[in-house]
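Trainee: I would like to learn how to read the sheets in a model like this one. Could we start with the overall figures and then go on to the strands?

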Amino acid sequence: MGRKYGIYKKCLEYFWILILVTIELLQMELSCGMAKQLISMELKYVFVNWIVIALFNSILLLAIGKAWITALVSGGLITFISVVNYYVILYHGMPLSVSELRNFKTALYVAGTYSYPVSRSVLYVLACFLMTAGMSALLKKRQIAVKRKVSAAMLAVCFVAVCFGFFGPRPIKPKVTLGWSWKEACKQCGYISYLVEDVYTKAKGVTKPDHYDPETVREKCSTYQTDRINQNNELPDIILILNESFYDLHQITGFQTDQDYLANIQQIEDMVCGYAVSPCIGGGTNASEYELLTSNSLYLVREGAPFNILDLEDAGSLVTYLKSLGYSTFGTHSEPARNYNRIYGYPALGFEDVRFHEDYEDCWSYEGRMYKSDYSVYENVKKWYMQMGDQPRFMYCLTIQNHGGWEQSPEESDTVHVTEGEFTRPDIINEYLTSIAYSDEAFSDFIQYIKTITDRKVVVCMLGDHAPDFAVSLADEEYSEGERNLLIGGMPLYIWANFGLEKADLGYMSMHYVAPVLLDTAGVPLSPYYKYLMDTKREVPVIAAWGKYYDKDYEYYDIGTGSCSQIVEDYFSVEYNNIKGGDERVTDFFESGLVN
């Protein structure tokens, strides 16, 4: 009997932590509704999640020294985190992350306004804690002790496993899985991996330029003065539309169709036109949103979706600038708020009113396609525009109609067909061009609506966010690398106003230049930062996130080379000061600083 008890006690001594870690892993997955995913998740991802919790427990064990106290403390902390995470997702649509911790004081204040229903998931999490508490009592009763050298060895093994699993030369978990949806990232690799990636990407965040000097930045910024404006000047309403995958395939290859898919837009008079170069070729809507709204290049942000990894609070944006001029601000996207963490990103950028999927009414899709049509989205935008009050109005709308894939509609529903051209899958091209034709019609109809508004000045800007992914394979072989990337990255850009604009060709420009160009075209005073961007644009119209730039003659250079390398280097230093300057940030330069 004594020998059996000794074996039992020995097993309990060495294996209790395995049981504890497994229970806590289950709690964490339960908190975000992913417990069932553990069954289908690849074992290597289950392991990296498990080993992170094991590392956490090893640290506690080494610090506390007693197994039963470690189990109780660890179980209590994980239970608390799991319950908090459940309610954060319930009311915020996003899991607990570094961003939530940054806003801890605000979260505590808001928390008092909510009710907290005890769901089945919460009950399961609490039941797991009862198991942990029972195990803690058993450990205390059996007087299970763990030698300090054993605790240290456990900690070392777990630490090495975590380093290699997440950050080694060939990590088990890909360094970036958090893209458009946190649910997809958690489904693939687990919630613990999501947290590790969130901490890693936010810590890595923005790359500091090699020759960054805050004093040099401040000196350069001082050469730009603030504007004087008359408060009696009428500032125009601005409606900015970022249109999903809106692109003209004629830029990269020759072909003929039985209908002109951009016929309506081409007939709009007094249009200012150009091309905005997307930071990502063939994808990355959130990257385009970030550059468009902040006027910061993504070159300094190499990994992850911007809204997921950057602290956008008080970062400065087109939204906050227009608010400083007295604009009311409104941002909307017809998809769920959690996609690309827009539930955090839009308010952080300064939007006072945000609307997402659940706020849209009477939306519909074209035959066979799953995404809301531009036309029905614009109908909601019209309604919300009229409700915005007497202040100057800024509306930002991200559409979804043209999102891939382009094999959703029956072929007989296509209204545009390729008649001449070499395509491997003409059915995909036909559906895509049909979708673009519907965007063309919807935008033209929206402009006709704006023409009926006679008591307010209104400026409308529409541009695409990125080319469809198949565009990369369609570019003619005659193009050089520089020409190819410029043409594939160049998204159609249109600016129109109901008070008349002089028709102009803006050429190609980076997405981060669009805001100052739009404001300048609309007659809105520019901040010193926007003035600086306009000057930089004249010499370097495109600074690409993929590590290249184009000079005013559209010659193609690697970052750090060419005759404009110093201008580009100065821009990155100014941008870094804007994003990460802290107390060094030249706030007056980036904010309006307008003098009445």
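**Surface and sheets**

Mentor: The accessible surface of the protein comes to about 26500 Å², and 54% of that belongs to carbon and sulfur atoms; such areas come from the Shrake-Rupley method with a 1.4 Å probe, and for residues only the protein chains shown count as cover. This is a predicted model, in which local features need pLDDT of at least 70 and side-chain atom pairs count only at pLDDT 80 or more, while totals for chains, interfaces and linings use all residues. Residues are numbered from 1 along each chain as its sequence is written, and side-chain values use heavy atoms, with hydrogens and water left out.

Trainee: What percentage of the 596 residues count as buried?

Mentor: Buried means under 20% relative accessible area, exposed over 50%, and partly exposed in between, with a 1.4 Å probe and protein chains only. Here 54% of the 596 residues are buried.

Trainee: How many helices and strands does the secondary structure come to?

Mentor: Helices (H or I, at least four residues) and strands (E, at least two) are DSSP runs, numbered from the N terminus. The protein has 23 helices and 13 strands.

Trainee: In what order do the 8 strands of the open sheet with mixed pairing come?

Mentor: Strands of a sheet pair through backbone hydrogen bonds, either parallel or antiparallel. Two strands count as paired if DSSP finds at least two bridges between them. In this sheet the order is E5-E4-E6-E1-E8-E9-E3-E10. Strand E5 (353–355) and strand E10 (504–510) are the edges, each pairing on one side only. From one strand to the next, the twist averages 15°. E5 runs parallel to strand E4 (residues 328–333), joined by 3 bridges, and threonine 332 stands opposite arginine 355 in E5.

Trainee: Which strands does helix H18 touch?

Mentor: Contact means heavy atoms within 4.5 Å. Axes are lines fitted to C-alpha atoms, for helices over the stretch in contact, and angles run from 0 to 180 degrees between N-to-C directions. Helix H18 (residues 426–451) packs on the sheet and touches E1, E8 and strand E9 (490–497), its direction making about 170° with that of E8.
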